[in-house]
Amino acid sequence: MNEPGCRRLCLELSIHYPYFVETRAQREDVFREEDIIFSRSQKADFGKYLSRAVLPAMDCIFSWLDSGESVSLGVSGTVIEQLITEETDRAAVLLDTLQHPSVESIGQTYYRSVAGLFPDPGEFIFQVSRHADLIEDLSGRRPGVFEANEFVFNSALIDPIRDLGFLAFYTEGSDHLLSTMNPNYVYSCHNFPVLLRNCRLSEDIAQRFHDHTWDRFPLTAETYARWVAETPGDCIHIRLDAGVFSTTGDTARSFEEFICRLPQALHSHGVATVLPSSVIGDPPRKVLHLEELGMCAPGTVTALTGIHNMHQQSAFWCLEDARDLIIDRESWRRLQSIDHFARMAFASGSCGRGAMWSTSQEAYDYFSAYLRALASCEEACRDETRSPPAARALQCQPPETAFHFHSGFRFTGYSAHSLQEFSRFLEFIPDEVFQYHQERMDFSRWISGVLGDDTLAGKIARCTQSSEAAHLVQERIQELWDLLR
Amino acid sequence: MGPLKIAQFCWESLHAVREGGLSPAATHLAEVLGTEHEVHFFTRGEGPDRIIRNVAYHFCQPEGDTIIDYCQDLSRKLLQKFHDADTPPFDIIHFHDWHCSDALERLQDRRTVMSYHSTEYGRNGGNFGDWPEFQAISAREWRCGHLARHVVTVSRHTETEIMWLYGIPERRITVIPNGIYPEHYYLPLDPGSVKKRYGIHPLAPLVLFIGRLVYQKGPDLLVDAIPQVLQRRWDVQFIIAGKGDMKRDLEERCRALPVQFTGYIPDEEYLQLLNACDLVVIPSRNEPFGLVLTEAWSAEKCAVATDVGGLAENIEDFVDGIKVPVRADSLAWGISYIIEDPVRIRAMGVAGKRKVLSRFNWARIGRMMDKVYTRVISGTDDGSRGSGR
């Protein structure tokens, strides 16, 4: 027997704009210009994002609210703080909306960050609490549903989320991963309700709506409402990133018209719009293991998390180490945004976000700029640490000062952007690579010249095996951290 | 019909001499038939005859200066073994490929089945050859197809090929694909730890080629594609596993590229690599079936393959793999396209696994072969086209 179609739909509008790093900065700029880490055009770019994406999106949301529909809003802390500090008129519009009785705010990490990937959940808890506090201050209501972005979540974070007062959490039900699971039901993980976004229906609007080659183009509100009504399940959860409203001309008009007409079309098919908190009481269909969705376990960052290439991995490791090297916590947290890592990928955007494609060069350029920004922050804080020489040895290195492993015939494909990463690579570099560099004294020259650690450089010069060198470096890293902490 | 007494002639097996994809195909077929019938397997190998997994193996060690002489001696020695075991007489005598063609000739009055796992034309990359061995082998293949009571091919492509090459009528041919035991190829492991053993970064995308390094398998096309892949995605690493006469030349061309040639690797290492890689590439110029494809799917790996033969038939494009024309730039496009999408690449691998479980399981293949034997024994095979698809 066929399952009945959905009669409820939750629409979330997601609004987020991070602090991007300055991609045109050179390493020496740091010493000339104070505010070089984050984009020089941040304010102007944020203004464009507001006027081109957020305000058109809000117009559509108002039309929904005026006709009695319900909408949830996922607004990051970084957007709200930029609105409050720089765009007071526009802030009022958004803040008024947060207080609307038919609007529910969704909880998230304040910086929409990768903090959920750190082995220690402390930073994650801090950012979630900070965001929830901010929303409560602005709307008078604390978010009840938490959203895990870009798979950056794992089962171990369920208990902290529950302890923070959340009643359920959202994650992404990509049908690539959920081949046998229907995302349109409530599930349960560690006795905690899990809501899955319907990625296919989200992407129909966010990615395929404007695609002239799509066999369903042009998509009308009537067609979409019919799909919703015919889709088996209890409730469909759609997410739309405000960025998808960022179109111009006739395209923008047709898109806004589609969104504005959707409630009426949904009603004609017997589908009502609801808030996520009204759904979480549904009996769970089955117990879900987040690892099945590609969620990572602590300490193992897998290919299906937000970290899926080696540059992202290097950047994440450097960011993790920077916790004790950057005393300016605000900058460190801004550098945790998922968007930085998305820009180091060749392709990103899914489940309601617009697709973004980068060339290898663009991804590499952002990775380089990111490490440069991280290194600048670390250098700026170095003199305030307990041991500046130890901080220098442990800090991250942008590509121009990283150690690039070579076999004599070719680049191996990986570079050490910190002493810690260097020790990780020593564990598996082929013997010929170790011998090639050791014969040229490359290791000791890099450790002495770039990291400034003559003690370690002297010891490494005498090593005959990579495992021996890895052991020495690990020991030294521990000594250096002991000097700093 | 009760249990049959079946003879299988094949010059290789998993339990003695192993050359390529023919040995698992023939050995596993014998084993699955052995669960219901009395199966004897006549093949090359050392040591005394023995029973392994319900199949009686009869070994011989042929000699000969040329491949033709060698195979004539193989037929002669296996026939001796066959006659020793032919009491009571075998109900069905099944030959795999041309190597035992002389034995088939001698046994042409019995109930015989000839399986084409490939053709000499296909092994030569879809080209005719004018050298004596090519002609001698092709002649034997032609003769086998006409002498046998019924013919089996591993794909429609091979069916068409032997109809065209050797004039074998369609009604005498049944297509039965190779089966696979997917559980033999799936290994839950941490891909990063395997990559590290090869000096590869755990998050570097790894593309695997496994197969003989010969013209038919197209490793040179892959090597030509690699620089184009690297232009779009610099961090991709390649492992080319297998041996063959093209190895030295290919290694020379790849000196400055992120490519490792492992040569022959034992099964255990193959399983580790298969399960650790991100993508399997099958750049064959001609592929009657493409066992590597079902092995990749068993390990839930997506494949980029050339749009030829059994690969073209079995892959549903952009659902469980990507098919490309037999060109280096097309291969490069296919690899670059899918390697950038880790979610989709995984989804295609899982879709392939589902197909393996439903279409290529040995129990099903065994039943299909049973039907062919039944028709041969009942003498109804000449009147109608095979239906065991």
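Eight strands of chain B form an open sheet with mixed pairing, in the order E3-E4-E2-E1-E5-E6-E7-E8. The model is predicted: local features need pLDDT of at least 70, side-chain atom pairs count only at pLDDT 80 or more, and totals for chains, interfaces and linings use all residues. Residues are numbered from 1 along each chain as its sequence is written, chains are lettered from A in the order in which they are written, and side-chain values use heavy atoms, without hydrogens and water.

**The sheet of chain B**

- Strands are DSSP runs of E with at least two residues, and helices are runs of H or I with at least four, both numbered from the N terminus.
- Two strands count as paired if DSSP finds at least two bridges between them.
- The edges are strand E3 (50-52) and strand E8 (173-175) of chain B, each pairing on one side only.
- Neighbouring strands are turned by 25° against each other on average, direction ignored.
- Strand E2 (38-44) and strand E4 (55-60) of chain B run parallel and share six bridges.
- Phe42(B) sits opposite His58(B) in E4(B).

**Helices across the strands**

- Angles run from 0 to 180 degrees between N-to-C directions, with axes fitted to C-alpha atoms, for helices over the stretch in contact; contact means heavy atoms within 4.5 Å.
- Helix H1 (22-34) of chain B lies across E1 (5-9), E2, E4 and E5 (92-96), at about 160° to E2(B).
- Helix H5 (132-147) of chain B lies across E6 (112-116) and E7 (150-153), at about 140° to E6(B).

**Salt bridges**

- The whole structure holds 44 salt bridges over all chains; each needs a side-chain nitrogen of Lys or Arg within 4 Å of a carboxyl oxygen of Asp or Glu.
- Glu22(A) pairs with Arg40(A), with the closest N and O atoms 3.6 Å apart. Both residues lie in the loop between strand E1 (8-15) and helix H1 (42-66) of chain A, 18 residues apart.
- Glu22(A) is buried at 2% relative accessible area, while Arg40(A) is partly exposed at 40%. Buried means under 20%, exposed over 50%, and partly exposed in between (1.4 Å probe, protein chains only).
- Arg208(A) and Asp204(A) meet at 2.7 Å, N to O. Asp204(A) is buried, with 6% relative accessibility.
- Lys355(B) and Asp320(B) meet at 2.8 Å, N to O. Lys355(B) is in helix H14 (342-359) of chain B, and Asp320(B) is in the loop between helix H12 (309-314) and strand E14 (321-324), 35 residues apart. Both Lys355(B) and Asp320(B) are buried.
- Glu12(A), Glu147(A), Arg197(A) and Arg239(A) form a salt-bridge network.
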